[in-house]
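Me: I'm new to reading protein models. Could you walk me through one, feature by feature?
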Amino acid sequence: MSNRTDPDRALDDERLAHFLNRIDRGDKIEADDWMPDDYRNQLIKLISMHGVSEIMGALPEKEWVPKAPTLRRKLAIMAKVQDEMGHGQLLLRVAEDLMAPLGQTREDLLRNLFSGKLKFHNVFHMEAPTWADAGVIAWLVDGAAIITQTMSLETSYAPYARALQRICAEEKFHAQHGESIVLELAEGTPEQRRMLQEAVNRWWPSLLMFFGPPDDGTVSSNQQLNMRYKIRSQTNEELRQAFFNKYVNRIFHLGLTLPDDTIRYDEAEGVWHYRQPDWDRFVQIVRGNGPCSAQRLRLRKTSYEEAKWVRDAMLAPRTSYAAGGAI
């Protein structure tokens with residue numbers, strides 16, 4: 001039985017009404033503002049997933065740092081990996097501020113990641129067996145991320161919007177890096193073109209799933225709640241259509257094909273028609289049953305455990321040798 005009194009509930013109703021009025025007039029919410037529990041929880045879920053996805057997303061490309069074909073490519077992909085890790089750290093700091101009133105910390109986030117409670121993006125569970133995969137990830141996966149993150153620049157939660165300003169600026173360079181790799185392979189030998197086409201075929205289902213399922217009850221979704229709170233402004237399907245508008249004809253222009261003979265643009269409707277991916281498979285992947293899920297999580301957990309001494313050293317009380325005690 002609830003211990004809340006009628007005056008408590010009335011106060012919460014008044015606060016919620018005021019909060020929604022602020023949202024509706026375009027105010028930005030700061031970390032120390034009052035916010036309803038479901039708004040806070042949705043932000044924690046979104047931003048923590050985004051943060052760990054940036055970190056986990058560096059791992060497929062990290063595999064190609066020592067194997068990049070030239071020194072210039074090695075330096076470029078190494079810089080990209082460093083950027084992605086930095087994005088993850090920035091976002092986890094934003095999530096930590098939201099979690100603090102709940103008595104939770106970054107340690108809780110990482111424990112949730114290792115236990116499977118905290119999910120990371122479907123694309124980063126997948127294999128990247130060739131150099132062409134590194135190009136497709138940077139061009140198309142980062143391109144899809146830019147579409148989502150650009151939408152989120154207008155989010156009602158100000159600290160997330162500020163973090164995204166820096167992230168989006170850097171992601172544009174990442175996409176250009178990927179496009180450069182793809183163009184070089186597309187203009188290369190028949191073997192290089194074949195390798196590129198195979199990578200596009202391999203990543204296409206994951207790219208369709210990138211934006212999440214349509215809001216048709218196929219998979220549980222909080223799209224409408226997030227749109228009411230102006231955490232986001234477009235549905236998953238609207239974002240997917242924006243991705244098609246930007247990239248499908250570019251892919252065809254390179255002489256590449258897509259593993260979907262039904263995809264076409266309907267001029268009258270103004271939408272792309274395409275074959276739906278396997279959304280049951282999507283659920284299994286984000287639950288940690290993708291081709292590289294266990295391997296990537298194991299690597300992240302090992303890195304976290306081996307760096308414990310660094311965290312301990314940074315958090316330990318400093319000692320003043322002159323005073324002979326802690327400062």
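Me: Let's start with the second largest pocket. Which helix gives the most to its lining?

Reply: Keep in mind that this is a predicted model. To read a pocket, ask which elements supply its lining. Here α12 gives the most, with six residues. The helices α3 (71-99), α4 (106-115), α11 (293-306) and α12 (308-315) each supply at least two residues of the lining.

Me: What is the volume of the second largest pocket, and which residues are the closest to its centre?

Reply: The volume is about 410 Å³. There are 18 lining residues, and Q89, R106, E107, Y304 and R311 are the closest to the centre.

Me: How many nonpolar, polar and charged residues does that lining have?

Reply: Sort the lining by class and you get eight nonpolar, three polar and seven charged residues.

Me: Okay, now the inside. Where do nonpolar side chains tend to be in soluble globular proteins?

Reply: The general idea is that they tend to be buried together. In this model, the largest nonpolar core has 80 residues. Those that touch the most other members are Y39, I47, Y157, L196, W204, F243 and F244. Helix α5 (residues 131-152) brings the largest share of this core, 12 residues. Apart from that core lies another one, of five residues, including M209, F282, V283 and V286.

Me: Let me zoom in on one member. What is Y157 in contact with, leaving aside its neighbours within four places in sequence?

Reply: Contacts like these show which parts of the chain come together in the fold. Y157 is in contact with I29, E30, A31, M35, Y39, L43, I47, V94 and L98.

Me: Last one: what is the phi of K230, and where is K230 placed?

Reply: For this one, look at the backbone angle together with the residue type. K230 has a positive phi of about 60°, although it is not a glycine. K230 is in the loop between α8 (223-228) and α9. With a relative accessible area of 34%, K230 is partly exposed.

Methods
Residues numbered from 1 in each chain as written. Predicted model: local features only at pLDDT ≥ 70, side-chain atom pairs only at ≥ 80, totals over all residues. Heavy atoms only, no water. Core = buried A, V, L, I, M, F, W, Y, C linked by side-chain atoms within 4.5 Å. Buried < 20%, exposed > 50% of the residue type's maximum accessible area, 1.4 Å probe, protein only. Helix = DSSP H or I, 4+ residues; strand = E, 2+ residues; numbered from the N terminus. Contact = heavy atoms within 4.5 Å. 1 Å grid on protein atoms, 1.4 Å probe; cavity = no way out; pocket = protein on both sides within 12 Å on 5 of 7 lines; lining within 4 Å. Points joined across faces, edges and corners; volume = space filled by probe spheres on them. Nonpolar A, V, L, I, M, F, W, Y, C, P; charged D, E, K, R; others polar.
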